Amino acid sequence: TNSAPPSAVAIVAPATVSPVWSSVSLSSKAEVPVQVVFDGSPQDLVLLSVNGETFPPLPPPYSSTVPVATVGTVALEVRVFRAGEDTVAALAKGSVIVDDAE
């Protein structure tokens, strides 16, 4: 039996970020700093999704800077999988507004 308590996970990210215009790619891109607060085991997989696109598992300390090419609300989701299991042990959702008001 798996008697381990459920993992708690939370997303810490700024409410609003401003994109940075790149003269190289002629597009604006925002960098969203995301910190995942997670009390589980280092063997657990922590997967961050941005607007439905899942990134490779985050290693401890579970912080990442996520490039976002869209303006508006960006959906963030973190799913935690225990080592060797394929069921979601913990889930957190958040959102960031990318505001390009110049």
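Biologist: Which residues have the most contacts inside the largest nonpolar core?
Modeller: This is a predicted model. Its largest nonpolar core has 23 residues. Those with the most contacts inside that core are Val-9, Val-34, Val-36, Val-46, Val-68 and Val-78.

Biologist: Which strand supplies the largest share of this core?
Modeller: Strands β1 (9-12), β4 (27-38), β5 (45-50), β7 (63-68), β8 (72-81) and β9 (88-98) each supply at least two of the core residues. The largest share is five residues, and the strand it comes from is β4.

Biologist: Which residues does Val-46 touch, leaving out those up to four places away in sequence?
Modeller: Val-46 is among the residues with the most contacts inside the core. With residues up to four places away left out, Val-46 touches Val-36, Phe-38, Pro-57, Leu-58, Tyr-62, Val-78, Arg-79 and Val-80.

Biologist: What is the geometry of the aromatic pair formed by Phe-38 and Tyr-62?
Modeller: The structure holds one aromatic pair. The ring centres of Phe-38 and Tyr-62 are 5.3 Å apart, with 85 degrees between the planes. Planes over 60 degrees apart count as edge-to-face, so the pair is edge-to-face.

Biologist: How many residues apart are Phe-38 and Tyr-62?
Modeller: Phe-38 lies in strand β4, and Tyr-62 lies in the loop between β6 (53-54) and β7. The pair thus links distant parts of the chain, and the separation is 24 residues.

Biologist: Are Phe-38 and Tyr-62 buried or exposed?
Modeller: Buried means under 20% relative accessible area. Phe-38 and Tyr-62 are both buried.

Biologist: Is Pro-14 buried, partly exposed or exposed?
Modeller: Pro-14 is found in the loop between β1 and β2 (16-17). The relative accessible area of Pro-14 is 27%. Values under 20% count as buried and those over 50% as exposed, so Pro-14 is partly exposed.

Biologist: What is the distance in space between Pro-14 and Val-34?
Modeller: Pro-14 touches Val-32, Pro-33, Ser-95 and Val-96, not counting residues up to four places away in sequence. Pro-14 and Val-34 are 20 residues apart in sequence, and their C-alpha to C-alpha distance is 7.9 Å.

Biologist: Which strands stand at the edges of the open sheet of five strands?
Modeller: The strand order is β2-β9-β8-β5-β6, with mixed pairing. Each edge strand has a single partner, so one side of it is left without a neighbour in the sheet. The edge strands are β2 and β6.

Biologist: Which residue in β6 does Val-50 stand opposite?
Modeller: Strands β5 and β6 run antiparallel and are joined by two bridges. The residue in β6 opposite Val-50 is Glu-53.

Methods: Residues are numbered from 1 along each chain as its sequence is written. This is a predicted model: local features need pLDDT of at least 70, side-chain atom pairs count only at pLDDT 80 or more; totals for chains, interfaces and linings use all residues. Side-chain values use heavy atoms; hydrogens and water are left out. A nonpolar core is a set of buried Ala, Val, Leu, Ile, Met, Phe, Trp, Tyr and Cys residues joined through side-chain atoms within 4.5 Å. Buried means under 20% relative accessible area, exposed over 50%, partly exposed in between (1.4 Å probe, protein chains only). Helices (H or I, at least four residues) and strands (E, at least two) are DSSP runs, numbered from the N terminus. Contact means heavy atoms within 4.5 Å. Rings of Phe, Tyr and Trp (its six-membered ring) pair if their centres lie within 6.5 Å; planes under 30 degrees apart count as stacked, over 60 as edge-to-face and the rest as tilted. Two strands pair if DSSP finds at least two bridges between them.
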